[in-house]
Amino acid sequence: MASPARDLLNRLFRQAIAAAHPSVCLPPLLPPAPRGGRLIVLAAGKAAGSMAEVAEGVYAGIDALTGVAVARRGYGRPLKRMAMIEASHPIPDAAGIEGAERALKLAEGAVANDLVLVLLSGGASANWIAPAAGLSLADKQALTRALLRSGANIVEINTVRK
């Protein structure tokens with residue numbers, strides 16, 4: 001039987017998670033849709049699917065909406081107008097490379113009247129993988145495994161990933 005204190009803590013935890021959900025906190029922060037251009041949404045991280053889903057809802061009337069969301073496996077959402085890719089976390093994989101390549105291609109194709117909206121959450125650095133010249137996916141995977149085994153914290157891991 002759970003104690004009253006444990007019940008209270010569980011209830012507070014669930015309320016905090018609900019208050020931080022993209023459906024609650026993201027809509028008031030989104031910019032107006034572009035006039036005469038495309039809206040390109042690029043999302044990465046564990047909340048990428050939820051953030052992209054919210055953006056699709058907020059910008060439902062925009063015909064020129066496109067984008068890609070790359071989230072950790074199991075965190076994808078059923079997007080209607082954007083591509084949803086689920087990639088490995090914390091060890092990067094080929095799906096993360098595909099997602100990064102698609103995001104870069106969309107961003108590089110933006111023109112003056114387009115709005116590129118980038119939505120990032122925790123896990124984005126593992127989900128958008130674009131190894132520098134001379135590095136392979138296997139190199140990035142081996143390095144990430146070594147950093148995790150070493151006990152490096154996320155700030156240290158992300159510093160090396162840069």
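Helix α4, which covers residues 94-108, has 15 residues that should span 21 Å at 1.5 Å a residue, and because its end C-alpha atoms are 21 Å apart, the model agrees with that expectation; the expected span is 1.5 Å times one less than the number of residues. Helices (H or I, at least four residues) and strands (E, at least two) are DSSP runs, numbered from the N terminus. This is a predicted model, in which local features need pLDDT of at least 70. Residues are numbered from 1 along each chain as its sequence is written.

Within α4, the buried residues (under 20% relative accessible area, with a 1.4 Å probe and protein chains only) are Ala95, Gly96, Ile97, Gly99, Ala100, Ala103 and Leu106. An α-helix has 3.6 residues a turn, so residues three or four places apart point the same way. The buried residues of α4 pack, by contact (heavy atoms within 4.5 Å), against β1 (39-44), β2 (65-72), β3 (83-87), α5 (124-127) and α6 (137-150).

The strands form an open sheet of four, in the order β3-β2-β1-β4, with parallel pairing, where two strands pair if DSSP finds at least two bridges between them. Because β3 and β4 (115-120) stand at the edges with a single partner strand each, one side of each is left without a neighbour in the sheet. Between β1 and β2, which run parallel, there are six bridges, and Ile40 stands opposite Thr66 in β2.

Note on methods
This is a predicted model: local features need pLDDT of at least 70, side-chain atom pairs count only at pLDDT 80 or more; totals for chains, interfaces and linings use all residues. Side-chain values use heavy atoms; hydrogens and water are left out. Buried means under 20% relative accessible area, exposed over 50%, partly exposed in between (1.4 Å probe, protein chains only).
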